[in-house]
Each structure stands twice: as structure tokens, then as C-alpha cells.
Amino acid sequence: MGCYELGISYAVVTKVKEFTETRQYGEALDILEGQDIFQSLNPQFLRCCGKVYLENDRFYEAREALVRAHIMAPEGNRIIYDLVHLYLKMGYFQRAGQYYELYAYNAVADDIGTLYLQYMIKKAQRVDASELLGILQKACEEQYSDEWGFELALLYASLGRKNEMKDECIHIMAAFRQSPYSALAEALKKDEYDISNSYFRFPIMEAEEDLETYASILEIEEAQLAKDMLRVHPPEPVILQMEDDDGTEEPVPKEKGTGFKLPFGKRHSKAAEPQGVMEHEVPAEEAEQSEIDRKISESFEKEETDSSAKGIENTGSEETASPVQQEKPAGEIQRVSDSPTEDVSAYIESVMKSVADIEASVAEELQKPVSFQSDTITRPDGIERKEEKGKSEDSEEKPYQPKLLHVEEDLSPKERLEKLMKLIEEERLEEEQKHGLPPVQTVPEELDLDEYLMNLVGASTITQAMVKTYQDEQEQQLSGDGVGNI
């Protein structure tokens with residue numbers, strides 16, 4: 001972290017790490033005196049400081065340093081390893097067991113530290129030396145060190161196996177000459193070492209937690225340990241949905257609905273449900289009630305059908321009213337709307353039947369010939385003449401036939417217009433002759449066909465083009481006639 005770690009000199013950090021690796025814990029403690037190690041944000045440096053305090057039996061400083069390092073790196077197993085060792089030396093075996101569980105949870109399959117922690121915990125529990133020997137031999141076979149080799153030699157000496165003890169001491173002196181355990185192994189070999197002063201010495205009984213001394217440390221440690229235990233022992237999952245082995249979900253039975261009311265007609269009954277709906281058993285009381293409702297529904301349907309039939313018979317050909325628009329007595333309307341067994345399908349069927357009858361009557365009326373009959377004839381001179389209906393054969397109805405239908409479509413616009421005007425004039429003369437009116441003298445006036453066509457069809461680009469084409473034809477015709485006359 002640069003030359004300084006937030007107030008901690010880089011030289012101090014380097015020296016502490018050096019002395020910790022060479023197990024010179026006394027010299028490292030001298031350097032840490034007067035230093036505020038908690039200004040560092042490096043969890044591994046705090047672990048080294050905790051290790052120094054632990055080896056010098058400064059349990060308060062060691063616990064504070066290791067707990068804060070663990071909070072910075074919750075999954076750092078080297079820190080957890082030192083915490084287990086610390087609590088075993090302090091006599092807090094239960095708390096040491098919690099951290100060992102956390103260490104085993106974070107450890108990989110071939111982590112040798114698990115065996116060493118098992119050995120220390122078993123030794124603190126005062127188990128038989130032969131059981132301890134099996135654990136330590138397995139650990140030294142996988143990963144040998146001068147520290148644990150000397151521990152194995154001490155274990156051989158406590159069991160009275162001096163030859164094996166001497167072999168271990170010779171191996172340590174040959175392989176680790178610069179190690180502090182080399183001198184200890186030489187003294188053990190010469191029977192100059194007190195076996196009672198073994199490397200790991202733990203209290204015999206569980207120590208009681210000092211709440212006053214470690215109050216500030218316990219507060220932050222308990223919060224972090226609760227998070228760790230939640231990670232190791234997560235809560236059981238809540239089952240929200242059950243499925244069969246084949247992956248299909250079990251159908252959830254639906255509750256019986258209370259039905260719905262419409263603003264008119266009858267409600268849908270169970271008898272009219274489509275086939276294919278899953279049937280289920282109905283209690284006896286509900287079955288009896290449904291039978292009563294069915295009978296009431298049939299009676300209401302019969303009454304409504306009869307009333308609809310009577311209404312259709314009384315309807316005339318000119319004024320036909322729909323059953324929906326016919327007024328019913330107040331008592332009948334109240335009875336139909338309040339009935340719990342309204343049948344929508346029956347009501348719709350009656351309405352459709354009435355509509356079919358109305359359509360049939362309308363179709364019959366449309367098939368009759370349409371005629372135009374006038375009571376008053378107005379002449380061009382302003383004289384009105386009233387005709388009495390039914391007295392003259394000329395007043396008979398005759399179908400309307402537009403004169404425009406007699407005009408051929410293959411004629412030019414001018415020829416079609418002239419023929420149409422001629423037909424209209426002939427029709428007017430026929431009407432005057434039928435009624436015995438004198439012919440009206442009219443002064444023929446010249447008609448500007450171009451202007452008439454423009455007013456009739458409407459001014460547009462296409463119309464103007466047609467008119468221009470017609471004018472060009474007329475001019476060519478006139479110029480042709482003039483040349484012929486010359």
C-alpha cells in the first residue's frame with residue numbers, strides 16, 4: 001500500500017512480517033510497542049500483529065487484532081486458524097469450535113490446516129495420546145514442518161516411544177538447522193527437555209467469558225459471527241409449490257362461484273353448461289336446491305315464451321315492436337330480475353326468433369312493387385288539378401322506370417344528353433295528353449352543353465380534359481363542313 005499504510009511505516013510492516021515468519025515474536029513485539037496498528041487497512045498485517053500478541057500471551061491485543069482482521073476478510077482461513085488457536089489458549093472452547101466450523105466450511109478438500117486444528121481441539125479436550133498420534137502422523141505425512149515435527153517428537157516421548165522420538169529429533173536437526181526448533185530437538189534427544197512444557201498447552205476446563213474486559217470487542221465480533229453462521233447454516237428453503245415427479249402440476253380445485261347477474265334476462269344455469277366440464281360430487285342439500293331452482297327456471301321460461309308469442313301475434317305489418325322494447329307488468333319484471341335461476345340462453349333464443357319474424361315481414365314488404373302517386377298535378381302555367389284516387393284507370397300504380405335506363409351507353413356525352421332531354425319532353429307530353437290538358441307552348445332556348453356538362457359533372461382536371469376534347473371534335477367537324485361547302 002505504498003511506503004505507508006495510513007500512518008504505519010513501511011519499515012515497521014516489513015520488520016514485523018520478517019520476525020513473524022522466522023518466529024521471532026519477541027523482537028516483533030518490541031517493534032509494535034507504541035504503534036497504532038488499527039490505522040492499517042490490510043487484514044494480513046493485522047493477522048501478523050495478532051500472531052505476535054498471541055505468542056507473547058497478550059490475549060486482549062491479539063483478540064482485537066484478529067477479530068478486526070476477520071471482519072475485513074471474512075473468508076480468510078489463516079486469520080480463522082489463529083482465532084481458533086487463540087480461543088483454545090484462552091479456554092474459550094465453545095467459541096473455538098464455532099470458528100473451526102467456519103474454517104472447515106471455507107477450506108478446500110486437501111487443506112492440511114483442518115487436521116492441525118483437529119489435533120489442537122482434541123488435545124484441549126484431553127483425549128487419549130494414541131488418538132492424537134494418528135491425527136498428527138497423517139498431517140505430517142501430507143505436509144511436514146519443523147514446528148509440527150517437534151510436536152510429533154514430544155508425542156512420541158510422552159508415549160514412551162524413545163526410538164521414534166530420537167528419529168524425529170535427528171530429522172529436524174538435519175533438515176531445519178536454522179530453525180529454533182533444532183536446538184529444542186537436540187535437548188529433547190538428550191533428555192534435557194521437560195515434556196510437560198509441550199508446545200501446545202491449553203486450560204483443563206472451559207473459561208468464563210470476561211464481558212467487562214472484552215465488551216467493545218464482543219459487540220463487533222458477535223455481529224460478524226452471526227453473519228458467518230448464517231452463511232454456514234442458511235435457513236431452510238420455503239416450499240411455494242409442489243410438483244409431481246413427471247413435472248406436471250396438480251390441478252388446484254376452484255372454489256364454487258356465486259354466479260353473476262345481468263341487467264336483463266336470466267342467469268346461466270348449471271344445466272346449460274357445455275359438455276367436457278369436470279363433474280364433481282354435490283352434497284345432497286345442494287342437489288335438492290338445484291332441482292328446485294331448475295323447476296322454477298322452467299316455469300319462468302314457459303311463461304316468457306308464451307308472452308313473447310302473444311306479443312308477436314298482436315304486432316301489425318306496419319308497426320312491429322321488439323320483445324326487448326315491449327313493456328311488461330311491474331310484477332313480472334321484478335320476478336324475472338330477482339329470480340336466482342335466470343337463463344340467458346332461453347332469453348336470447350326468444351329475442352332471435354322475434355328478430356327473424358321481423359326480417360321476414362320486412363322482406364315481404366320489399367317484394368311489393370313501389371309506385372309514385374300524386375294527389376296534385378301542377379301544370380307549367382301554375383294551374384293545379386286534384387285527382388281522386390280509385391276513380392280513373394290512369395291513376396293506377398305503375399312501377400318507376402327511370403328514363404335514363406333507355407339511353408345507350410355507347411353514345412357520346414352530347415348525344416346521350418340530347419336523347420335524355422328528348423325522352424323527358426316526350427314523357428311530359430304524354431302526361432298532359434292523359435289528363436286532357438292543353439299543350440303548353442314553350443320557347444326553345446339554346447343550351448350551352450359545355451357549361452351544362454361542367455355544372456352536371458363538376459369541374460375537375462378530367463372533366464376539363466373531356467370538355468376540351470369535345471370542343472376540339474366540334475371545331476374539327478365544323479371546319480370539315482366548311483371545307484366541304486366550299
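Author: Side chains of opposite charge can pair when their charged atoms come close. In this predicted model, Arg 58 forms a salt bridge with Glu 33, with 3.1 Å between the closest N and O atoms. Arg 58 lies in the loop between helix H3 and helix H4, and Glu 33 in the loop between helix H2 and H3, so the pair ties together parts that are 25 residues apart in sequence.

Reader: Which residue forms a salt bridge with Glu 209, and how far apart are the closest N and O atoms?

Author: The partner of Glu 209 is Arg 63, and the closest N and O atoms are 2.9 Å apart. Because Glu 209 sits in the loop between helix H11 and helix H12 while Arg 63 belongs to helix H4, this pair ties together parts that are 146 residues apart in sequence. Glu 209 is partly exposed, at a relative accessible area of 22%, whereas Arg 63 counts as buried, at 0% relative accessibility. Arg 63 also lies over the face of Tyr 214, at 4.7 Å from the ring centre.

Reader: How should I read a contact between two rings?

Author: A pair of aromatic rings is described by the distance of the centres and the angle of the planes. The search of the whole structure finds nine aromatic pairs. For Tyr 119 and Trp 148 the centres are 5.9 Å apart and the planes stand at 85°, so this pair is edge-to-face. Tyr 119 lies in helix H7 and Trp 148 in helix H9, so parts 29 residues apart in sequence are tied together.

Reader: Are Tyr 119 and Trp 148 buried or exposed?

Author: Both Tyr 119 and Trp 148 are buried.

Notes:
Residues are numbered from 1 along each chain as its sequence is written. This is a predicted model: local features need pLDDT of at least 70, side-chain atom pairs count only at pLDDT 80 or more; totals for chains, interfaces and linings use all residues. Side-chain values use heavy atoms; hydrogens and water are left out. Rings of Phe, Tyr and Trp (its six-membered ring) pair if their centres lie within 6.5 Å; planes under 30 degrees apart count as stacked, over 60 as edge-to-face and the rest as tilted. Helices (H or I, at least four residues) and strands (E, at least two) are DSSP runs, numbered from the N terminus. Buried means under 20% relative accessible area, exposed over 50%, partly exposed in between (1.4 Å probe, protein chains only). A charge sits over a ring if NZ of Lys or CZ of Arg is within 6 Å of the ring centre and within 35 degrees of the ring normal. A salt bridge is a side-chain nitrogen of Lys or Arg within 4 Å of a carboxyl oxygen of Asp or Glu.
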